[in-house]
Amino acid sequence: VVGLLPWAFLLPPGGWAGEIIGGKEAQPHSRPYMAYLYIQHGDKYKYCGGFLVAENFVLTAAHCQGDRITVYLGAHNIRQQEPSRQEIPVRRQIPHRQYNRETLNNDIMLLQLSRNATLTKEVGLVRLTTGHRRVSPGTMCSATGWGLTSFFTGTDTLLEVNLSVVTDDLCQKRYRSYFPSTMLCVGDPCDPKSTYSGDSGGPLVCDGVVEGITSFGAYDSIDPPVGFTRISHFVPWIKANMQ
């Protein structure tokens, strides 16, 4: 399975593309919707997170595209062959047509699996938010991933961190390309908790529904806030492409 891999070849100037900073290990299999994506891109490999939204569809970030992707469901420690783990190749990658790899706008992608996942207590679906719902600043949410925990340190087990949604102006000041209609600004600058490289594509869960997809942060910093794809904007696109 993948080690810690260079991400720069797919990154826009000024951003890592999506470990958890300041979080803790998740209770094993407490998030049965989590997917680990093993991505082949040319002669390189990388990894992302994702989440199961239908028996044959995983939602993730568009910048997690590759030549070939294998989805691991029901995993906690990604280096162990857990009995609960299901490995399913991706049949079709469906990135948003307006995805912009420079600005990371419309950073959303559906992965159609080559076969249906078998739903078990370790593998399950998660509910998506509804169209055009606005999640308010101050809302406390949870992000999960297998990404880096510092500039140089990785993890084999799934980590989680509680993050608050913050006002759009905090991200507009920090990032040259931040679009409030399609992005969510997450992470209190005074609280050193965040997602980080390798967490890309994972879910931001608020009140039991997914509101965001881990998308980007700063190259040279592990401090919040960071940017998430705002799922409510894309609900019609998700429904249309899952038909």
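A disulfide, that is, a pair of cysteine sulfur atoms within 2.5 Å, joins Cys171 to Cys185 with an S to S distance of 2.1 Å. Cys171 lies in helix 1 (residues 168–174) and Cys185 in strand 12 (residues 183–186), so this link ties together parts that are 14 residues apart in sequence. Helices (H or I, at least four residues) and strands (E, at least two) are DSSP runs numbered from the N terminus. The model is predicted: local features need pLDDT of at least 70 and side-chain atom pairs count only at pLDDT 80 or more, whereas totals for chains, interfaces and linings use all residues. Residues are numbered from 1 along each chain as its sequence is written, and side-chain values use heavy atoms, with hydrogens and water left out.

Three disulfides are present in the structure. Cys141 is joined to Cys206 (S to S 2.0 Å), and the torsion of about 105° about their S-S bond makes this disulfide right-handed. Cys206 is buried, with a relative accessible area of 0%, while Cys190 counts as exposed at 74%; buried means under 20%, exposed over 50% and partly exposed in between (1.4 Å probe, protein chains only).

We turn next to strand 14. Nine of the nine residues of strand 14 (residues 209–217) are buried, so the strand is largely enclosed by the rest of the structure. Strand 13 (residues 203–206) pairs with strand 14 in the antiparallel sense over four bridges, where pairing requires that DSSP finds at least two bridges between two strands. Strand 15 (residues 226–230) also pairs antiparallel with strand 14 over four bridges. Gly212 is the bridge partner of Leu204 and stands opposite Arg230 in strand 15.
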